[in-house]
Amino acid sequence: DGVRAARPPMPWSVIGPLTVVSVALGVLFGAAEVVTVAFAEEQGRKSAAGFLLAIWAFGSLLAGIVSGAVAWRRGPLFRLRVGALGMLVAMAPLPFVPSLTVMAVVLLVGGLAISPTLIATMSLAEQQLPTSRMTEGMAFIQTGLAAGLAPGAAVAGVLIDAEGASPAYLVCVVGGALAVGGALLTRVRTSPATVPSHEHVA
């Protein structure tokens, strides 16, 4: 009616793939928690599961602190792709880990990719979303993360019952691969009128 200004379009070339990344990370997280408990139980040390998951979380915390303190010269899209690839590379050895000690090291390394990937995902979304679509766009990403948790845990549980804990870590590998795919499919807009962030686009 001329009074209400038209809302700017949702940048689906960014938000769509970033939602895929979030769902993939949710699948990875959900599966990792369930499988790590089963792995520790198979190793005869079920109580070690909490320690392994804490090591994983510590890696993420450490990387998050460093990531927040660094003045990055590359934009969030580049960091997202590097983080997702790092996550995939870190998850790939999990089905072949032979012991709790080695698993702790691998999970620590894998945890280092979590926070940078999540931070880059949110930073890129904030950079590309018009102000009037910010809440809506962020909701897609946050919902995607939550939506991936249950399927990841469920599929991992089925594989644990059928094949054991180590093969079930393949769900984490698949989650990492999907995150890389979503990161590679993300396309940013470079028009100053549609990029409200101070960061440079990768």
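This is a predicted model: local features need pLDDT of at least 70, side-chain atom pairs count only at pLDDT 80 or more; totals for chains, interfaces and linings use all residues.
Visitor: How many residues does helix 5 have, and what span should they cover?

Guide: The general idea is to compare an expected span with the distance between the end C-alpha atoms. Helix 5 has 15 residues, which at 1.5 Å a residue should span 21 Å; the end C-alpha atoms of helix 5 are 22 Å apart, in agreement with that value.

Visitor: What does this comparison give for helix 6 (residues 134–163)?

Guide: The 30 residues of helix 6 should span 44 Å at 1.5 Å a residue, and its end C-alpha atoms lie 43 Å apart, which agrees. Just after helix 6 comes Gly 164, with a positive phi of about 105°.

Visitor: Which residues of helix 6 are buried?

Guide: They are Gly 137, Met 138, Ile 141, Gly 144, Gly 148, Gly 152, Ala 156, Gly 157 and Ile 160. The buried residues of helix 6 pack against helix 1, helix 5, helix 7 (165–168) and helix 8 (170–185).

Visitor: Which residues of helix 1 and helix 5 meet?

Guide: From helix 1 come Val 14, Ile 15, Leu 18, Val 21, Ser 22, Leu 25 and Phe 29, and from helix 5 come Ile 114, Thr 117, Leu 118, Thr 121, Leu 124, Ala 125 and Gln 128. Sorted by class, this contact of helix 1 with helix 5 has 10 nonpolar, four polar and no charged residues.

Visitor: At what angle do helix 1 and helix 3 pack?

Guide: The general idea here is that angles under 35 degrees count as roughly parallel. Helix 1 and helix 3 (residues 76–91) pack at about 25°, and their axes are 13 Å apart. That makes helix 1 roughly parallel to helix 3. The crossing of helix 1 and helix 3 is left-handed. Leu 18, Val 21, Leu 25 and Leu 28 of helix 1 make the contact with Leu 80, Met 87 and Met 91 of helix 3. The residues of this contact of helix 1 with helix 3 comprise seven nonpolar, no polar and no charged.

Visitor: What does Met 91 touch?

Guide: Met 91 is in helix 3 and is buried, with a relative accessible area of 0%. Not counting residues up to four places away in sequence, Met 91 touches Leu 28, Trp 56, Gly 110, Cys 172 and Val 173. The C-alpha atoms of Met 91 and Glu 33 are separated by 13 Å, and the two residues are 58 residues apart along the chain.

Visitor: Where do helix 1 and helix 2 meet?

Guide: Leu 28, Phe 29, Ala 32, Glu 33, Thr 36, Val 37 and Ala 40 in helix 1 meet Ala 48, Ala 49, Leu 52, Leu 53 and Trp 56 in helix 2. By class, this contact of helix 1 with helix 2 has 10 nonpolar, one polar and one charged residues. The two helices pack at about 145°, with axes 8 Å apart, and helix 1 passes helix 2 in a right-handed crossing.

Visitor: How accessible are Ser 67 and Ala 57?

Guide: Ser 67 is found in helix 2 (residues 48–69) and is buried, with a relative accessible area of 9%. Ala 57, also placed in helix 2, is partly exposed, with a relative accessible area of 46%.

Definitions and conventions: Residues are numbered from 1 along each chain as its sequence is written. Side-chain values use heavy atoms; hydrogens and water are left out. Contact means heavy atoms within 4.5 Å. Helices (H or I, at least four residues) and strands (E, at least two) are DSSP runs, numbered from the N terminus. Ala, Val, Leu, Ile, Met, Phe, Trp, Tyr, Cys and Pro count as nonpolar, Asp, Glu, Lys and Arg as charged, and the others, Gly among them, as polar. Buried means under 20% relative accessible area, exposed over 50%, partly exposed in between (1.4 Å probe, protein chains only). The expected span of a helix is 1.5 Å times one less than its number of residues. Axes are lines fitted to C-alpha atoms, for helices over the stretch in contact, and angles run from 0 to 180 degrees between N-to-C directions. A crossing is left-handed if the near helix is turned anticlockwise from the far one by less than a right angle, and right-handed if clockwise. Angles under 35 degrees count as roughly parallel, over 145 as roughly antiparallel, 65 to 115 as roughly perpendicular and the rest as oblique.
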